Amino acid sequence: GYGRFGIMYNDNDSTTGDSSTDVTSRFRLQIDATAESDAGVVFGARTRIQQNNTDNGNDPAGSDLNGVRFFARTGGFEVGVGNIFGALESMPGQYPVDMGLTGLGYDYTAFNDRGDQYSSSGSGAAGANGLEVLYSAGDLAVHVSASDDNDRVAGYVAYTWSGWTFAVGGQDSDSAADTEWTASAGGSFGIADVTLAYADNGTGGDRVVLAARFDVGAATDVEVYVADNSDSTDSANDTGYGVDFNHDLGGGTSLRGGVVKQIDGDTVADMGVRFNF
Amino acid sequence: GYGRFGIMYNDNDSTTGDSSTDVTSRFRLQIDATAESDAGVVFGARTRIQQNNTDNGNDPAGSDLNGVRFFARTGGFEVGVGNIFGALESMPGQYPVDMGLTGLGYDYTAFNDRGDQYSSSGSGAAGANGLEVLYSAGDLAVHVSASDDNDRVAGYVAYTWSGWTFAVGGQDSDSAADTEWTASAGGSFGIADVTLAYADNGTGGDRVVLAARFDVGAATDVEVYVADNSDSTDSANDTGYGVDFNHDLGGGTSLRGGVVKQIDGDTVADMGVRFNF
Amino acid sequence: GYGRFGIMYNDNDSTTGDSSTDVTSRFRLQIDATAESDAGVVFGARTRIQQNNTDNGNDPAGSDLNGVRFFARTGGFEVGVGNIFGALESMPGQYPVDMGLTGLGYDYTAFNDRGDQYSSSGSGAAGANGLEVLYSAGDLAVHVSASDDNDRVAGYVAYTWSGWTFAVGGQDSDSAADTEWTASAGGSFGIADVTLAYADNGTGGDRVVLAARFDVGAATDVEVYVADNSDSTDSANDTGYGVDFNHDLGGGTSLRGGVVKQIDGDTVADMGVRFNF
């Protein structure tokens, strides 16, 4: 697992509230339990005990086990049930960067969480017949997932060619607010790793994200992104952008921080330490 | 602990609902903490973090510690307090088989959970002054338990003679729905391990259970049972039966499944994988 | 962590209820997770999963993670955020003894919990911008803490001189019921370790505590205290006192018990076993 703690600033422009500067922290204990049959099939489960502490933002006391994801895996083939990862969430290019200490709103995730995904603090698709199949062979990766949440069925296909990864994903669902389809391309230009992603998010509008990561020293990188959302409403019809840095302190510890102008109009910033254990 | 996951079918005849086929899973993390004094007395605690995920059947998110059982043990003598095991629950012959992946209703438990027992997801007798004493010497085993739940006092005596185990248990309680007394006999006929059990469950009626386990290969066994319940009401005045298989896959993993006609009229079936970690 | 279990008696004079004798138990699993950067800064987190089981006193089922305390430490300097320890709680002399199995009411803590403190079952100052700085160098220790709970700012300075430790602490807060200032002196007279502590607890009155610990054998000690509280109300305008013993059983196990006349008028007693794991 990991721990992280630091300071978070939010000008709260989107809600016309006062700006706030607060301590932010997360503690995540990850439990990966596995067993291997004589035939080499690995059976396992992943669950987390996680707690987020943010002034006025979370009830900080107590955090249970989240929903559990179970799997059976052999070779490049894996079946998962429960709190599944989800095909769109797992698709290359959906998390091209990791802004600051906390993600700072994740505007750079093109499909905008409009599909099944592993929930770290809730049940996800556990209890909703979550089921997924993953397959990879060489440069090819395929992932199909389904659940009773909005009767979603989603999938992606990704292929890596000369260091560039191209992925296309689609989803069928009962909800007009769920993602329809999404595509991404990512690779390296030498000085930077660059990702371009697009998603048709139904009534959530279309989102285009361009993101890049630059190494600026032996232990430091800088990440930037621009995310444009266009839909028929004004609230989410805007452009957001952000910049951050990550500095490796060694021993699994790092100093991280960033500043983001969110699509909803808020300016948020954070800085702090993350340590793995 | 262990994880298990698979598919469960229920025709829901008892509630005249539609039949259902769902993913079922359980994750159990067991914590056994002990310390030993210089005089050789072992003090310890057992607690579990457990989560069951079944579509529409359980709120899948979050599972706390259950009630804790504490004990002090020396030689064949043990005192337990808190979320106690319970004498009737621990009596030989009450769990003669372990149907399918999930137990499939546990109709084959003669005392029908009408007494104190270790609760994996709740408090059990913790907080109700649960207290028990266990003693074993050679072929003799004695277990007495008590709690403020219905002011129960229960006990059993078991003796093993030439490979056959005979046990008699009784209970005094404030509730007419609690078990009055129960008896069991179990042993091996060579090709099968057989158990016969009876319980007078007060207003819950009388239950007779006959169960057997057959080894049908180096790594496979088959279990069968018949359970008859007779009381003054129609609902639980019926006979249930079931059959299952368990196939060892090695490395602490197994494939398990079964079909049961429950006493309440439902036909249920399950199949899946269990792995220990 | 540790487990403890035993019997607790309370005559319940303060509530004019019947006296009660019940099983009492606690299970505490402590998680200390740390990582060290290449420059030698240690980052870490402390959290607990704890459960108290007492008849009619606690809902025994289920205990979550408490609020998490995060820290960064280098040399004698430490910064903590979240569920902070709190300066007054950490000040030498506030916990001069540890009565019986359960603390038996902690009347001997002069500042009377009227300040920020690490909460084992709740959030403490996590989510309330809890922040603290600790510094120690040789015989000097300094601790300053602050949180949004009552806008508390508290601190203490302690100095050890020839085996005696003197400490003075103060607090500024929005609540008239919070501690104003407190002082303590503690050391050894050879046959006994003695502590004298005083606190001005605002509307909670003044409290003076005198406590001592005597070694009465290779593995046994006896503790005594007198605590006097004087305020303008009758309810807490009284004197309490207590005596206990702790007998080391080896291997991290001990037998403990005590009898206390509380300031509120109750007479309480406990006895049981504690084991560390």
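# A guided tour of a predicted three-chain model

Select E223(B) and R213(B) first: their side chains meet in a salt bridge, 2.5 Å from N to O (a salt bridge being a side-chain nitrogen of Lys or Arg within 4 Å of a carboxyl oxygen of Asp or Glu). E223(B) belongs to strand β13 (residues 220-230) of chain B and R213(B) to strand β12 (residues 206-215) of chain B, so the pair ties together parts that are 10 residues apart in sequence. Helices (H or I, at least four residues) and strands (E, at least two) are DSSP runs, numbered from the N terminus. E223(B) is buried, with a relative accessible area of 1%, whereas R213(B) is partly exposed, with a relative accessible area of 27%. Here buried means under 20% relative accessible area, exposed over 50%, and partly exposed in between (1.4 Å probe, protein chains only).

This is a predicted model, in which local features need pLDDT of at least 70 and side-chain atom pairs count only at pLDDT 80 or more, while totals for chains, interfaces and linings use all residues. Residues are numbered from 1 along each chain as its sequence is written, chains are lettered from A and ligands numbered from 1 in the order in which they are written, and side-chain values use heavy atoms, with hydrogens and water left out.

Next, select R69(C), E78(C) and E132(C). The side chains of E78(C) and R69(C) form a salt bridge at 2.8 Å, N to O, and both E78(C) and R69(C) are buried. A salt bridge also joins R69(C) to E132(C), again with 2.8 Å from N to O. R69(C) sits in strand β4 of chain C and E132(C) in strand β6 (residues 131-137) of chain C, so this pair ties together parts that are 63 residues apart in sequence. E132(C) is buried, as is R69(C).

Move to chain A and select R69(A), R73(A), E78(A) and E132(A), which are linked in a network of salt bridges. A search of the whole structure finds 24 salt bridges over all chains. Side chains of opposite charge can pair when their charged atoms come close.

## A stop at S136(C)

Return to chain C and select S136(C), which is placed in strand β6 of chain C. At 38% relative accessibility, S136(C) counts as partly exposed. Which residues does S136(C) contact, leaving aside its neighbours within four places in sequence? They are G76(C) and A141(C), where contact means heavy atoms within 4.5 Å.

## Chain A as a whole

Chain A holds 1 helix and 16 strands. Its C-alpha trace spans about 55 × 40 × 40 Å along the principal axes. For 277 residues, a compact globule would have a radius of gyration near 19 Å, and the 19 Å of chain A agrees; the radius is taken over C-alpha atoms, and the globule rule is 2.2 Å times the number of residues to the power 0.38. Of the 277 residues of chain A, 50% count as buried. Among contacts in chain A between residues at least 6 apart in sequence, 46% join residues at least 24 apart.

## Chain B against chain A

Display chains A and B together. The contact takes 29 residues from chain B and 28 residues from chain A. The two chains bury about 2100 Å² between them, 70% of it on carbon and sulfur atoms; buried area is the accessible area (1.4 Å probe) that two parts lose on being put together, summed over both.

How many salt bridges are counted between chain B and chain A? The count is 0 salt bridges. There are 5 residue pairs in polar contact between chain B and chain A (both at pLDDT 80 or more). A polar contact is a pair of N or O atoms within 3.5 Å; within protein, one must be able to donate a hydrogen and the other to accept it, and residues adjacent in sequence count only if both atoms are side-chain atoms.

To see the side of chain B that touches chain A, select β1 (2-10), β2 (20-36), β3 (42-54), β14 (238-250) and β16 (267-276) of chain B, each of which supplies at least two residues. β2(B) gives the most, with 7 residues.

## Chain C against chain A

Finally, display chain C with chain A. This contact takes 28 residues from chain C and 29 residues from chain A. Chain C and chain A bury about 2100 Å² between them, 70% of it on carbon and sulfur atoms. In chain C, select F43(C), L65(C) and F70(C): these lose the most area to chain A, together 27% of what that side buries.
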